[in-house]
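I am opening this notebook to keep track of what I look up in a structure that is new to me.

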Amino acid sequence: MNELVTRVAENVGIEPAMAEKAVGMILGFLQREAADGPVAQMIEAIPGASELIAQYNGEGTGGGGLLGGLMSAIGGGGVMALGQQLMSQGLGMGEITGLAKETIAFAKEKAGADVVDEVVASVPGLSQFV
C-alpha cells in the first residue's frame, strides 16, 4: 500500500497522510458500490488495500452534512457523494481527479485492466472521472 500512497502523494502533490486517507476512502467506496466479484478481485490484488479500507471506510460517511443528506435523499449519492467527502477533507477537484486516476492506474497494474474496467463500469458516473 505504501507504493500507491507514495505515488499518489508525489503525482497529485498532496501530503502522504492525506493520500493514504483519500485512497482508503476511494477503495472503501468502490467496495460498497461496485460489482462484488470484480471489486473483490481488485482489492485482493492490491497489497494492504483491505487494511486501508478497514481504517478509512467509515471516514466522512456520516451523512456528509446537509448537502450529502439531500443528495442521498434524491438518489444522487454515489460518485458525487464521494467527491463531497473528499472535498470536505480539503481536496480540490483537480486533486480528486488525479487521485482517482492514479488509484485506478495502480489497480490496473496489480489486478489487470479487464478486472478494473469491470469495477469502473459497474459504478454509475465513475468512468467520467478516471
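Entry one, a residue in a helix. I looked up Thr103 and found its place in helix α7, where helices (H or I, at least four residues) and strands (E, at least two) are DSSP runs numbered from the N terminus. Thr103 is buried, with a relative accessible area of 2%; buried means under 20% relative accessible area, exposed over 50% and partly exposed in between, with a 1.4 Å probe and protein chains only. Leaving out residues up to four places away in sequence, I find that Thr103 touches Leu4, Val8, Val23, Ile26 and Leu27, a contact being heavy atoms within 4.5 Å.

I note here what I am reading: this is a predicted model, in which local features need pLDDT of at least 70 and side-chain atom pairs count only at pLDDT 80 or more, while totals for chains, interfaces and linings use all residues. Residues are numbered from 1 along each chain as its sequence is written, and side-chain values use heavy atoms, with hydrogens and water left out.

Entry two, the next residue along. Ile104 also lies in helix α7 and is buried, at 7% relative accessible area. Which residues does Ile104 touch, not counting those up to four places away in sequence? I found Leu30, Val116, Val120 and Val130.

Two packed helices are described by the angle between their axes and the distance between the axes. For α7 and α8 I read an angle of about 135 degrees, with the axes 7 Å apart; axes are lines fitted to C-alpha atoms, for helices over the stretch in contact, and angles run from 0 to 180 degrees between N-to-C directions. The two helices are therefore oblique to each other, since angles under 35 degrees count as roughly parallel, over 145 as roughly antiparallel, 65 to 115 as roughly perpendicular and the rest as oblique. On the α7 side I listed Ile104, Ala107, Lys108 and Ala111, which meet Ala113, Val115, Val116, Asp117 and Val120 in α8.

Entry four, past the end of α8. Ser122 lies in the segment after α8 and counts as partly exposed, at 26% relative accessibility. Apart from neighbours within four places in sequence, Ser122 is in contact with Glu33, Ala34 and Ala35. The C-alpha atoms of Ser122 and Ala35 are 5.7 Å apart in space, while the two residues are 87 apart in sequence.

After α6 comes Gly90, whose phi is positive, near 100 degrees.

I counted 8 helices and 0 strands, and buried residues make up 42% of the 130 residues. Among contacts between residues at least 6 apart in sequence, 72% join residues at least 24 apart.
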